[in-house]
Amino acid sequence: GLKRKEVNVIVIGLDNSGKSTLLNYLRPVEAQTHDIVPTVGFNTENFRCKGLSFSAFDMSGQSRYRPLWENYYRKTHGIIFVVDSSDRPRIVVAKDELYQLLTHQDIRTRNIPILFFANKMDLRDSLSDVGVSSSLSLDEIENKSWHICSSNALTGDGVQEGIEWLSSAIK
Ligand code: GDP
């Protein structure tokens, strides 16, 4: 396939969805930390893994940091959207954020693959990947390839499968 110098992937989702934990799982072992606090404000995390360069952000409704993360849209080749499958009340908030993302001028017209992690699948009252998919109305996504994986970011279950899909969808 096409060899790019740098393949950028943004990792987004509401706060507490599990982005940091997921990224920590992907990070090279020597760089892992085992004590991760939920992200507050605008923390970005950046690192490279298997030729992909990851940048992660929290999206929260009226965030004044929105312009900062939207800045990355133009340059991204793939998107990871993390959902806390156990947080049913906030699935509607995640859906709203997803809609804003999909209709953004720098995303709308580009065929960027989107990987959804239905994260926290280990919790008892979590929605399944199918449940998350229908809650977010993923069937209505136009002109973008997407894939959803249930994941447990604490153990890494489902994570590799998702990353492999995204890598092959980008390249
Ligand atoms: P972020 O704000 O999106 O970066 O979320 P964090 O990675 O900080 O995770 C928020 C909380 O959810 C932390 O207490 C994590 O340990 C926990 N967490 C993350 N992923 C999972 C998961 O798959 N299962 C469970 N049970 N807890 C998770």
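How many helices and strands does the secondary structure of the protein chain come to? I counted five helices and six strands. Helices here are DSSP runs of H or I with at least four residues, strands are runs of E with at least two, and both are numbered from the N terminus. From that end, the order is β-α-β-β-α-β-α-β-α-β-α.

**Ground rules.** I am working on a predicted model, where local features need pLDDT of at least 70, side-chain atom pairs count only at pLDDT 80 or more, and totals for chains, interfaces and linings use all residues. Residues are numbered from 1 along each chain as its sequence is written.

**Burial and contacts.** I looked up burial next. A residue is buried if 20 or more other C-beta atoms lie within 10 Å of its own, exposed if 12 or fewer, and partly exposed in between, with C-beta atoms placed from the backbone. Of the 171 residues in the protein chain, 33% are buried. For contacts, two C-beta atoms, placed from the backbone, must lie within 7 Å. Among contacts with a separation of 6 or more, 74% join residues 24 or more positions apart.

**Core.** A nonpolar core is a set of buried Ala, Val, Leu, Ile, Met, Phe, Trp, Tyr and Cys residues joined through C-beta atoms within 7 Å. The largest one has 38 residues. Val11, Ile80, Phe81, Phe116, Phe117 and Ala118 have the most contacts inside it. Strand 1, helix 1, strand 3 and helix 5 are among the elements that each supply at least two residues of this core. I then checked Phe81. Leaving out residues up to four places away in sequence, Phe81 touches Ile12, Gly13, Leu98, Ile114 and Phe116.

**Helix 1.** Which residues of helix 1 are buried? In this helix (residues 19-26), I found Lys19, Ser20, Leu22 and Leu23. Seen down the axis, they fall within an arc of 160° (taken from the directions from the helix axis to the C-beta atoms), so they line one face of the helix. They pack against strands 1 to 5 and helix 5 (159-170).

**Ligand.** I listed 19 residues around the ligand, each with its C-beta atom, placed from the backbone, within 6 Å of it. Gly18, Lys19, Ser20, Thr21 and Ala153 come nearest. Helix 1 gives the most to this shell, three residues. The shell divides into five nonpolar, nine polar and five charged residues.

**Ser20.** Why does Ser20 count as buried? Because Ser20 has 22 C-beta neighbours inside 10 Å. An unreviewed UniProt entry lists Ser20 and Thr39 under "binding site"; such annotations may be inferred rather than shown by experiment.

Notes: Ala, Val, Leu, Ile, Met, Phe, Trp, Tyr, Cys and Pro count as nonpolar, Asp, Glu, Lys and Arg as charged, and the others, Gly among them, as polar.
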